[in-house]
Each structure stands twice: as structure tokens, then as C-alpha cells.
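Reader: I'm new to this one. Can you put it up and walk me through it?
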Amino acid sequence: MNGFFRSNQATRFKEDVWSIVSDFGENDVFVLSNSGTVSETLQLDRFRAKMNQGGFVSNQETLVPTMIGTILDNLNYRNGHCAVLISDMKYSPENQKDVSVLLTQYQSDIRNQIGNYPGISVCMIMATSEYLSAGNQVISEESPYYYVIFGRDDNVAFMRNCIATLLEDNGDYRESIEMGFDYKSPAYSFGIPDNCLQLMEEPTFIGFDTDFSDTCTVEVKIDLTDYRWIITDENILRECISVKSCYGSKASLGDIKIKVTNHNNREFERKAEATVELKIYDMIATESDVIEWTLSHPDQLVSSDFTQLISCPLESDLSGSFSVDRFIGGVFNAIQNKWDTTPNRILISKIN
């Protein structure tokens, strides 16, 4: 982490960290020692001064499992509190004689640590910044580091949206992944259908006129606001939605339009909605049919670039993140994502 902190040198890291930390009010900042315990509690102005002046530079080991234990032991997450760890997340037990053995056990250590806290959720956001040498020369233009959020899933989703928005506004957001979320069933409403009419507010559509056209179209508006940002990629969302008929008609996906804003109501408020066309056709053998659609989640899907960065084999490689793949694997071993797989049903009828 030292290259992000060089004394009186500007980096995107310092810009982004101050933007994020100061956005959440007058909360104190807890500085963790390399051994993982709390070494200092700083008010915001004191934290900024010390960060800007290079006061956090250190050459000691970094014991991530102990850091996680310190954070979670002091986090009242069941009552809505969240904690955010800002770190390069490189596990570095360099003063331990059995370091090579410890690294092989690191994923299990993380699994065991996270597993001690039922109901915890974790989101890991990657950002990048310049990394400076001790002589203040830029030795990496895009060195990765992380904002790791701990709390209940709904609170973590709110924090993720705020932090990722601030990073994206500055051009430094790269990717995120989350564990321990219950996405439940998606909230949705209906748009204006084609070649049928919605019966009041019900998921029922009548008057499908097969003489006019062999196809009717139902628009489903799905709220994606609190889901992983990656699901707002149209190609990925299309892979996550399945649609079928129950009684012999044919059904398929039509157009998908996605609207995203991270500044809804001119605030740091994310709003993401997908308008998905469900097309029903060839309703020949029956006067009505039931259409089922489901939404799965790309909970472990990440880009190839992200996979390469988190699997960096050398701690000294500033363009990658040594051991982070093991951290993520350990968290996934401890807590899984889940969602309601019960199909959403729509009745389609030729009868008015």
C-alpha cells in the first residue's frame, strides 16, 4: 500500500479515498495495524492530514484474517451497521517461517473466519490508482486496491452503490463481486402490451387476437437497482432470463432495454430498470396459456481481466493482486448467494 501514500504526493487513491470517507459524514476512521488490530482511531480531518503526509507507510507484514476478525468482532451488522476495509488485500505473512504453508491454508482461514458471523454479507469493489516509488516516480499507472464492505446484504448493497458511483464518477471503478446476498424474487411491473390488454393490475392479459397477428408481446419492467452492476449488461441479463409456456404455445425473449442512473433525483442514488419483452406466439391448440419467466443471477461471473488481476502470482507485481483470488474463494466457501427460483407466471388468453 505504501505507493498510494507517498508524503505530499497526489494520487487517485488519495482523491478517491477522501471522496468516499468524507461522503459518509463524521464517522471516525479506524487504522488497522499490519498485525490486524486497531492501532489508531482518527477523526476525518486528522485522517486526511496523516494520509496526505505519508503517515501510513509501513514495511511490516499484513495478516488479512486477523484484520477481518478485528472488523467483524466490532461490527454491529445485525442492527444495520456496515464496515468498509480499504486495502490492497495482499496477504503477506512474510515474518512467519511457514509462509509458504500459510498461503496454501489462506482460503480455508478466510472461510473459517467469515463462517463465524451468520448473516454477514461481503462486497468487494476494485479500484485502481497510480503507485509511486519511494522516490515519487510512477511505477504503475493502474495498481489495484479494494473497498471491502461487510454488513447485511441490503445495507451492503446501499454502500456498494454509493462507493462504486463515486469511483465511477472519477473513472477509477473497475469491477465488483459480492457474497452472502439473498436476492429474493425480483420486483417488477408491466409496461404497455402489444396485441393484448392487461386485466387491471393482475398478471393476466386478455384479448390476444391471433387473426390480427400470431404474436402478442408483454413488457416486464424489472428493478435491478440492488443487484450486481454486471447484470445491467444486456447480453448478460439476456442469459439470466428464461421464459417458457406451460401448455404448448411458444415463448421467447424480444428486445431488452436497460436504463441506469447513479444520480437519481440528483443524488447519489442508483436506479436500474430493465424493460424486457416476452413474446408469445403459435397459440393454436388452446384458448389460453400460462407463461413462466425466471431471473437467475451472475453471482460468480467476472471478466477475464478481473480474474487475471486477482490471480497475480507475485506480491511484488503492482499491476495485480496477489492472493485475492484465495480471499474471494474463502468467502464464497463460507457464504453463498441465493435467490427465489419460483417462476413468475403470466396468464395469456384469447378471450376478452
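Reader: Which residue in β5 stands opposite Thr128?
Author: Pro144 stands opposite Thr128. Before we go on: this is a predicted model, where local features need pLDDT of at least 70, side-chain atom pairs count only at pLDDT 80 or more, and totals for chains, interfaces and linings use all residues. Residues are numbered from 1 along each chain as its sequence is written, and side-chain values use heavy atoms, with hydrogens and water left out.

Reader: How do β4 and β5 pair, and over how many bridges?
Author: Antiparallel, over 11 bridges. Strand β4 covers residues 121-132 and β5 covers 138-151. Strands are DSSP E runs of at least two residues, helices are H or I runs of at least four, and both are numbered from the N terminus. Two strands pair if DSSP finds at least two bridges between them.

Reader: What sheet are they in?
Author: An open one of 4 strands, in the order β3-β5-β4-β6, with antiparallel pairing. The edges are β3 (83-87) and β6 (173-179), each pairing on one side only. Neighbouring strands are turned by 20 degrees against each other on average, direction ignored.

Reader: Which helix lies across these strands?
Author: Helix α5, residues 153-169, lies across β3, β4, β5 and β6. Contact here means heavy atoms within 4.5 Å. Helix α5 runs at about 160 degrees to β5. Axes are lines fitted to C-alpha atoms, for helices over the stretch in contact, and angles run from 0 to 180 degrees between N-to-C directions.

Reader: New topic. How many aromatic pairs are there?
Author: The count is 16. Rings of Phe, Tyr and Trp (its six-membered ring) pair if their centres lie within 6.5 Å; planes under 30 degrees apart are stacked, over 60 edge-to-face, the rest tilted. Tyr183 and Tyr227 make an edge-to-face pair, 5.5 Å centre to centre with 90 degrees between the planes.

Reader: Why does that pair tie together separate parts of the sequence?
Author: Because Tyr183 is in the loop between β6 and β7 (188-190), and Tyr227 in the loop between β10 (215-223) and α6 (234-240), the pair joins parts 44 residues apart in sequence.

Reader: Is Tyr183 buried or exposed?
Author: Buried, at 6% relative accessible area. Tyr227 is buried too, at 7%. Buried means under 20%, exposed over 50%, partly exposed in between (1.4 Å probe, protein chains only).

Reader: Which rings link into a cluster?
Author: Ring pairs link Phe4, Phe5, Phe13, Phe47, Phe56, Tyr131, Tyr145 and Tyr147.
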